[in-house]
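I have kept to what can be read from the coordinates.

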Amino acid sequence: MINNIFKGLQVYSGAYGLISKLKLWKYFVIPMIISFVVFALIFISAYGLSDNLGEWIAGIWPWETGKTTVTFISTIISGIIIFALGLIMYKHIIMALSSPFMSPVSEKIEEYYTGQKAINRTKASFAQQLIRSIRLGLRNLAKELLYTIPILLLKFIPVINIFSTALLFIVQAYYAGFGNMDYTLERHFSYKESVTFIRKNRGFAIGNGIGFLLLLFIPVIGVILVLPLSVTSASVIAVDLLFDDDEGDHIGFEPFEVIENR
């Protein structure tokens, strides 16, 4: 799985060039605006609420000695908690709102690499696809919160909080990659089939999600480019996995040769 994580991350190297080659930037204009606005609102909320939550947590400390230090540490941890929860909401909000624009991107990438028109193999109507997307989104949100909240509580335990940060990052990455890859999978699989497929290829999903999260650490530009680069990379990975499994013959993508011979 570790090898697949690195391969999933390396696919980002050719994403920008592929977007330009296929003239996909027009599909990302509105999603980029949505991403920037949502992220800004979450960042402002985390910054503004961290002091209040930090002081409330520090109020549990009964002594005056060390009160300032406890308040400082509590404020930092509170900021991390609020930002982590906000990041969960950010991912699911922008993925849901951007879905109408991401599906065409996924289709064009599939058509480019397979040389065939992308078809809806599930033969689901728009209403059925919408219900499936909502169901899958709610499922992922619930699962992510189920894992994230206990991990966040571990941050209050010295030493262990170092490892909890890495674990939190992996969980966030997995569900980010899951959402990005599903723009392609929704045409090929039912709800349960998609969940099974991602579990089988979780390394690629985590790798794609790590790239998603790392981009968010780049001021302004990262928030704007996170969707175009991560969705394009995820679509390439998903198409490669799908057609390799279905036809037994690897497509062999030129810009993304790092995922060959996995």
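1. E144 is buried, since its relative accessible area of 0% falls under the 20% cut-off used for that class. In this predicted model, the side chain of E144 meets that of K91 in a salt bridge, with 2.5 Å from N to O. The lysine, K91, also counts as buried because its relative accessibility is 1%. The two partners come from distant parts of the chain, K91 from helix α4 and E144 from helix α5 (residues 126–153), and they are 53 residues apart.

2. How many salt bridges does a search of the whole structure find? The count is 2, and one of them, as described above, is the K91 and E144 pair. Another salt bridge joins R187 to E110, where the closest N and O atoms are 2.5 Å apart. Because R187 lies in the loop between α6 (160–185) and α7 whereas E110 belongs to helix α4, this pair ties together parts that are 77 residues apart in sequence. R187 and E110 are both buried.

3. When neighbours within four places in sequence are left aside, S103 is in contact with E186 and R187. S103 is classed as buried because its relative accessible area is 15%, a value under the 20% cut-off.

4. The C-alpha atom of P104 is separated by 9.0 Å from that of Y183, although the two residues are 79 apart along the chain.

5. Which residues of helix α7 (residues 191–200) are buried? They are Y191, S194, V195, F197 and I198. Seen down the axis of α7, these buried residues fall within an arc of 165 degrees, so they line one face of the helix. The other side of α7 carries K192, T196 and K200, which are exposed.

6. V220 is found in the loop between α8 (202–216) and α9 (221–247), and it counts as partly exposed because its relative accessibility is 47%. For context, most residues other than glycine have a negative phi.

7. Where does K23, another residue with a positive phi, lie in the chain? K23 is placed in the loop between α2 (15–21) and α3, and its phi is about 55 degrees although it is not a glycine. With a relative accessible area of 63%, K23 is exposed.

8. On the overall architecture, the protein has 9 helices and 0 strands, so that the pattern read along the sequence is α-α-α-α-α-α-α-α-α. Of the 262 residues, 48% are buried. Among contacts between residues at least 6 apart in sequence, 78% join residues at least 24 apart. The accessible surface of the protein comes to about 13300 Å², and carbon and sulfur atoms account for 69% of that surface.

Definitions and conventions
Residues numbered from 1 in each chain as written. Predicted model: local features only at pLDDT ≥ 70, side-chain atom pairs only at ≥ 80, totals over all residues. Heavy atoms only, no water. Buried < 20%, exposed > 50% of the residue type's maximum accessible area, 1.4 Å probe, protein only. Contact = heavy atoms within 4.5 Å. Helix = DSSP H or I, 4+ residues; strand = E, 2+ residues; numbered from the N terminus. Arc of directions from axis to C-beta. Salt bridge = Lys/Arg side-chain N within 4 Å of Asp/Glu carboxyl O. Areas by Shrake-Rupley, 256 points an atom, 1.4 Å probe, with all protein chains shown as cover.
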